[in-house]
Amino acid sequence: GTVMSFNLKVSGAAAISTASPSWSGAAIGNTAFLGIAGRPILYQTAAGTTTATISGISLTPPASGTISNFMFVAADAESSNQGESLQFQTNGGGWQELDRAGPISGSTYPTTSGVGTTTFTETGAAGTVGAYVMGSTSPTQVTATLVGGGLQGTMFAVRFASIRLNTQISGARVNAADQ
């Protein structure tokens, strides 16, 4: 029942909305975050630089609810290969790594800088690489800069709550394959 309001301005190389996965080599939609409905990815239509600014971000809860804090989530929704990059800027809390989507083969990830700051940069690596999912607390503006040598894509979400569970099983498992 929460309503999110914002303004989106896209400039530079053209971009469209597309389904996930955006490409057969993309980590998002192929190895993790499977089955996301609709067209959640902002995807370049040609190589170049695309800037997407989301401003005036506000959340209005239902009449019986409150929102004291939220996290704006931004992710690499394609594959940041060599010569490509993705940068997220926020006026909210510093970017935190929320998750990684494994590459479709191998173990290579793009290099990153700026975790914990208001500017996070992901610089592409050779081959088909994994993807990062980042979050910033309660921003009112986020800017994504996509630099595609081929094509580049990003996606956004809002997170209200999370839980992480780590367990240790002591003793024998009933089934050795039981995870």
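Modeller: Trp95 counts as buried, with a relative accessibility of 0%. Buried means under 20% relative accessible area, exposed over 50%, and partly exposed in between (1.4 Å probe, protein chains only). Phe88 is buried too, at 1%. This is a predicted model, in which local features need pLDDT of at least 70 and side-chain atom pairs count only at pLDDT 80 or more, while totals for chains, interfaces and linings use all residues. Residues are numbered from 1 along each chain as its sequence is written, and side-chain values use heavy atoms, with hydrogens and water left out.

Rings of Phe, Tyr and Trp (its six-membered ring) pair if their centres lie within 6.5 Å; planes under 30 degrees apart are called stacked, over 60 edge-to-face, and the rest tilted. That rule gives five aromatic pairs. One of them is tilted: Phe72 and Phe156 have ring centres 5.7 Å apart and planes at 40 degrees. Because Phe72 belongs to strand 5 and Phe156 to strand 12 (residues 153-159), this pair ties together parts 84 residues apart in sequence. Strands here are DSSP runs (E, at least two residues), numbered from the N terminus. Phe72 is buried at 1%, whereas Phe156 is partly exposed at 25%.

The pair of Phe88 and Trp95 is also tilted, with centres 5.7 Å apart and planes at 45 degrees. Both residues belong to a cluster that ring pairs build from Phe88, Trp95, Tyr109, Phe120 and Tyr132. Over the ring of Tyr109 sits the charged end of Arg100, 5.3 Å from the ring centre; the criterion is NZ of Lys or CZ of Arg within 6 Å of the centre and within 35 degrees of the ring normal.

Terms used:
Helix = DSSP H or I, 4+ residues; strand = E, 2+ residues; numbered from the N terminus.
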